[in-house]
Amino acid sequence: MSILANRDTRAVIIGGVAGLNAAKRMAQFDFLINRPLTVEAFVYPPEEGQQKEIYRGGELNNVTVYASLTKALEENPQINTALIYIGASRAYQSAIEALDSKGIKLVTMITEGVPEKDAKRLRKHALEVGKTINGPSSIGIMSAGECRLGVIGGEFKNLKLCNLYRPGSFGVITKSGGLSNEAMWLCAQNGNGITSAVAIGGDSYPGTDFVTYLQMFENDPETKAVVIVGEVGGTLEEEAAEWYGAEKRRIKLIAAIGGTCQDVLPQGMKFGHAGAKEGKKGLGSARSKINALREAGALVPDTFGGLSKAIKQVYLELQATGVIQPEPELDEKLLPELPPSVQEIMKQGEVIVEPLIRTTISDDRGEEPRYVGYAASELCEKGYGIEDVIGLLWNKKLPTKEESEIIKRIIMISADHGPAVSGAFGSIIAACAGIDLPQAVSAGMTMIGPRFGGAVTNAGKYFKYGVKEYPNDIPGFLSWMKQNVGPVPGIGHRVKSVKNPDKRVKYLVEYVTTKTTLHTPCLDYALEVEKITTAKKDNLILNVDGTIGCILVDLDFPEYSLNGFFVLARTIGMIGHWIDQNNQNSRLIRLYDYLINYAVKEEREVPDKK
Amino acid sequence: MVFLPINIQIPNSMAKILEGPAMKLFNKWGIPVPNYVVIMDPNRLEQLGEANKWLRESKLVVKAHEAIGGRFKLGLVKLGLNLDEALKAAKEMIGREIGTSVVRQVIVAEMLDHDEEYYISIAGNRDGAEILLSNKGGVDIEEHWDTVKRLFIPLDETPSIEHITEVALEAGFIGEIAERVAKIISRLILCFDVEDAQSIEINPLVIRKSDMRFAALDAVMNVDWDARFRHADWDFKPVSEIGRPFTEAEQQIMDIDARIKGSVKLVEVPGGNIALLTAGGGASVFYSDAVVARGGSIANYAEYSGDPPDWAVEALTETICMLPDIKHIIVGGAIANFTDVKATFNGIINGFRESKSKGYLENVKIWVRRGGPNENQGLAAMKKLQEEGFDIHVYDRSMPMTDIVDLALNS
């Protein structure tokens, strides 16, 4: 047997993420004792209509979130208990609504920081409607083998250690949430465990007091003794003593009261409560509570540590008088284990999971990213630059100093080419339309292809092919290209020619061939090809895409990575254009009619639809 | 004045407020107060003097407007002054350092010449509130406690003015004074209720019979700080709750507390030699009790709870290790519901290591008892400190919670 919560308890949780976490913990208990899910609905307007995933062991349940308690109860009329997890400013209203709902008999409130006036009114209202409000600031209610409301009891392992899978003979009532767990453990360690444990919350005016719960335990035949843990302040413990001493009670009472240290603390530094205001009679002090309880016949050890012995003593007495029958020890191995997560089993090496993707370049699982094994901060410290990161992430190799200088120049030279080219223009149009940075840059990026900037990869690829297949036969290479590919990528320019050379090409070729020791078979080959093509036509020069492509092949970058250099370099320019347009607060642009040749049909009448 | 003890376990709910804001609230609800000004710059008083006749013509009282106990003895209350003297007193007080706190504001109020002093207080209880009333107010009220008449006000009910007047008559007030006192009480009830007060004590409420002028000369007001979400005009902060200014270490821990999920708390108790590094509001008090019950003396009160981040616990640990003359540190706690023992112990372990490297913890014994999520890993890590030369004794849940205090004191 139990009080307040049992196997028939069905709960709604009012509140957001804290409530969801509680529901998950509660489901672990449901799994342990093999009962149906306790939480059957959530009420949280911001997440109306969502389904929350709750595992009861390995079984996945979806619990609906409702916008209102009324709606939740309409669809789940079996719900008889409400748990309040909502913030202090709305907790009162929620609790009143719950108390006023027909099916709900018990409301328990975890919310902390509820104004005292609200708590007092809730208590009064609950008395008027004949229901129970537990809390505020309550960690929850536990009925061993029956029901868990809230996170009381802690982790799964502890539920077993405290024998909470089956009822014992001790009731527990505490103000402190942390000590409710401790008290349940003490009852399991020194006795046969609990029937129910209630945390009433440490606020000045709990919705329900010790006396009310003591009376419930007195009426529960399975509860033979009750442990209460009280604190200095207020007079709830004195009232409990008065109740206990008023007549012969069936239950044994054991108590611990915190706050005796206040007697010796320096003047002014008292752990007390406004309830002890008049001071002279000492009402509300820990000492007054202890004395009252002892006089009423309760067992009150002088420290909390003494509770162990007290519980053991009462347990042995109750066994000796036959009130508590010894029961066979349950083999804990028979109890279920929470199904572990895949990660946990993998750690133990007991399962193989085929990975979904594989990476060979970077790892961010440690304290900082590592690129092909090198810590990013160490690269920075040792003077490496962005070119080296490119070398690592694109080619898994650290470039030499010379190579880095070349890569740097390629990116610098390609970073921007003015607003008129397709990429920059695309970004500018997008920026003027008020599009945000990533999308505007993407708009420019979509322009990169066969006609704009996309020739680097193919130039590198085919010149490399030439070096390999037609090393000393450039005419042969050209005729193979004509037959199989078409115009040679990287050769030809719209405006530049032999007489009007491309300054960038000239610079790069000169830099690589005269300022570095790089072996450049591919570039040399392309320059030989250029000699032949320019002999045919003045503008069939090696253009900047071709030059870059060949140098990158000579730098040993994979051929399919080559366009990446253009993409990366141009991104810098496109971002610049987007910022520039935003700085100027540019207006939306549209083409002037005179820039469009309207080669359209004359105006005419729409025929009737056939 | 009757001393109001404080509650350290729910420290954020009961908030004592200074006289200035209390007077402002009284004014708002029509409870008579003397003329007063709160100033930070003494020169402002000169300007105010030019603008306000009462400052030039009345006797004045100057008080440090700070949460400093025993102000009278410290010379932080000066009575019966004229404006020049008040200015001088304000100049002397502002900037004075008392412990770790500095006087930054003074309140200058009119010292009303009066004929009689009364006592009125209201305090909440579970079922409503209770008014206490005496016509023998003033500093000797405790000696006249038998003259106090009481009026219980059930929750959400308002007593009629006739009913209050009856109680006033019972308390020995007569005629028009009884009626006027009843009126003040009915306003006090409104103020108490609407402002979410927990207690208000006016002592003395004075009367000058020549013009039947009343004024609350001194008042102590506690409000429910948890209710601040519904009081947009609460422009004050609650004052120190421990009867003295906070120490630097306490202030540091409070600053951390304000920034984190969960909480860390510290109150120093000078002269003790057993330091507490305990978890949870309930258990921490029981550890203090156990030390006292076994004849020891605590060097501090501390608690960490609600699964605080490890760095916050580390900071608390280092602060506690620096307490002077400690012989034992009690790392105690119940079986946690959801505070991660491994993570919080990690913070404590780092704090111990750091403190040791700075030369603290010499000849200090450390006693550990804890349970909760990841207890095995947390306790094992703590136990490993033995290998690093710490005098540390580690126990799991099978050790009764506060019995490590017995072990420490018997060692």
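This is a predicted model: local features need pLDDT of at least 70, side-chain atom pairs count only at pLDDT 80 or more; totals for chains, interfaces and linings use all residues.
Student: What makes the pair Asp209(A) and Arg126(B) a salt bridge?

Tutor: The rule asks for a side-chain nitrogen of Lys or Arg within 4 Å of a carboxyl oxygen of Asp or Glu. Between Asp209(A) and Arg126(B) the N to O distance is 2.9 Å, so the pair meets that rule.

Student: Why is the pair Asp196(B) and Lys117(A) called a salt bridge?

Tutor: The closest N and O atoms of Asp196(B) and Lys117(A) are 3.8 Å apart. The cut-off is 4 Å, therefore the pair counts. This pair crosses between chains: Asp196(B) sits in the loop between α6 (175-194) and β11 (197-208) of chain B, and Lys117(A) in helix α4 of chain A.

Student: How many salt bridges does the rule find across the interface of chain A and chain B, and how many does the structure hold over all chains?

Tutor: Across the interface there are ten; over all chains there are 50.

Student: How do you know which residues of chain A and chain B are in contact?

Tutor: Contact requires heavy atoms within 4.5 Å. On that basis 69 residues of chain A are in contact with 70 residues of chain B.

Student: What is used to express the size of an interface?

Tutor: It is often given as the accessible area lost when the parts come together. For chain A and chain B the buried area is about 5300 Å², with 55% of it on carbon and sulfur atoms.

Student: What polar contacts does the rule find across the interface of chain A and chain B?

Tutor: It finds 29 residue pairs in polar contact, both residues at pLDDT 80 or more. On the side of chain A that touches chain B, the elements supplying at least two residues each include α3 (88-99), α4 (116-129), β12 (225-231) and α8 (236-246). The largest share, eight residues, comes from α6(A). By class, this side of chain A has 25 nonpolar, 24 polar and 20 charged residues.

Student: Which residues line the second largest cavity?

Tutor: Among them are Leu83(A), Ile84(A), Thr108(A), Met109(A), Leu149(A) and Gly150(A). The elements giving two or more residues to this lining are β5 (81-84), β6 (106-109) and β9 (147-150) of chain A. By class, the lining has seven nonpolar, four polar and no charged residues. Gly140(A) is one of the lining residues, and Gly counts as polar.

Student: Which peptide bond at Pro136(A) is cis, and which at Pro204(B)?

Tutor: The cis bond at Pro136(A) joins Gly135(A) to Pro136(A), with omega about 5°. Pro136(A) is in the loop between β7 (132-134) and β8 (140-143) of chain A. The cis bond at Pro204(B) joins Asn203(B) to Pro204(B), with omega about 5°. Pro204(B) lies in strand β11 of chain B.

Student: What is the phi of Leu4(A)?

Tutor: Phi of Leu4(A) is near 70°, a positive value in a residue other than glycine. Leu4(A) is in the segment before β1 (11-14) of chain A.

Technical notes. Residues are numbered from 1 along each chain as its sequence is written. Chains are lettered from A and ligands numbered from 1 in the order in which they are written. Side-chain values use heavy atoms; hydrogens and water are left out. Buried area is the accessible area (1.4 Å probe) that two parts lose on being put together, summed over both. A polar contact is a pair of N or O atoms within 3.5 Å; within protein, one must be able to donate a hydrogen and the other to accept it, and residues adjacent in sequence count only if both atoms are side-chain atoms. Helices (H or I, at least four residues) and strands (E, at least two) are DSSP runs, numbered from the N terminus. On a 1 Å grid over the protein atoms alone, a cavity is a set of points where a 1.4 Å probe fits but cannot get out, and a pocket is an open set with protein on both sides within 12 Å along at least five of seven lines; lining residues have an atom within 4 Å of a point.
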